[in-house]
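Subject: Model handover and notes

Hello,

Here is the model we talked about. Please open it alongside the notes below.

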Amino acid sequence: MKITAAALLTAPALVGAFAPNPNFRARTALGIAVGDSIPSTTLHEDFPPDMIELGDYAKGKKMIVLGLPGAFTPSDPHSKSPGYLEKQDDLKAAGVDEVLVYCVNDAAVMSAWAEDQGTTGSMVTMMGDPHGELAEALDMKMTHPGPPGEKGLIGRSKRHALFVDDGVVKVVRVSEAPDDPAGDDDPSATMAGAMLEAIASA
């Protein structure tokens, strides 16, 4: 039986009087939690890269920050930046201004992937986190030995999605399971449909 990200990350009721909240994230488990400010780390956009300070960039926006294990990795193209291009109208109707996709890749790779994925001129923006600073600040570095050993994905990010409103995190979702650390087999928790549902109830 596959363990879903929601099951892994849902907290028990503190005194048995409250229903579990799927947005709850124990700070001992993850470096980011609902109610936190998005870290003020630097991402790289375009090439030669523009330096984007994420804390400032997120001000005044409702945005989804989507972290993926890598550009051009085999599991991602099948879902076209996990369905966000196809769901642009629904996302805009939900009040989302932008979907920021980042990977622990350099800006040249992310720019090439943006062209390949057809995101130019859309609400989906591709940025690089070449030093892994954002993944580290969020405690989203993939530390499971499987992906580095089997696929060469070293120092990469877990597959995760955050809904951020004016710099404040409102939703946290991670696609991972003990037998699927990169979320390749079941990325559903971080895809557009799941995030739309989470935003509606946030």
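A polar contact here is a pair of N or O atoms within 3.5 Å; within protein, one must be able to donate a hydrogen and the other to accept it, and residues adjacent in sequence count only if both atoms are side-chain atoms. By that rule, the side chain of Ser-157 makes a polar contact with the side chain of His-160, at 3.4 Å.

Some ground rules. This is a predicted model, in which local features need pLDDT of at least 70, side-chain atom pairs count only at pLDDT 80 or more, and totals for chains, interfaces and linings use all residues. Residues are numbered from 1 along each chain as its sequence is written, and side-chain values use heavy atoms, with hydrogens and water left out.

Helices (H or I, at least four residues) and strands (E, at least two) are DSSP runs, numbered from the N terminus.

Ser-157 sits in the loop between α6 (146-151) and β6 (159-165). Lys-158 belongs to that loop between α6 and β6 too. Ser-157 is buried because its relative accessibility is 0%. Buried means under 20% relative accessible area, exposed over 50%, partly exposed in between (1.4 Å probe, protein chains only). Lys-158 has 14%, so it also counts as buried.

Now the contacts (heavy atoms within 4.5 Å). Leaving out residues up to four places away in sequence, Ser-157 touches Gly-67, Leu-68, Pro-69, Tyr-102, Val-104, Ala-135, Met-140 and Met-142. With its neighbours within four places set aside, Lys-158 meets Gly-67, Leu-68, Met-140, Lys-141, Met-142, Val-174 and Glu-176.

β6 and its partners

Six of the seven residues of β6 are buried. Two strands pair if DSSP finds at least two bridges between them. β3 and β6 run antiparallel, joined by six bridges. Lys-62 stands opposite Asp-165 of β6 there. On to β7 (residues 168-175): seven bridges join this strand to β6, again antiparallel. The β7 bridge partner of Asp-165 is Val-168. β6 and β7 form a hairpin with two residues between them. In the turn, Asp-166 has a positive phi of about 55°.

Ala-71

Ala-71 lies in the loop between β3 (62-67) and α3 (88-93). Its relative accessible area is 12%, so Ala-71 is buried. Beyond residues up to four places away in sequence, Ala-71 touches Cys-103, Asn-105, Val-109, Met-110 and Trp-113. Gly-128 is 57 residues from Ala-71 along the chain, with 9.4 Å between their C-alpha atoms.

Best wishes
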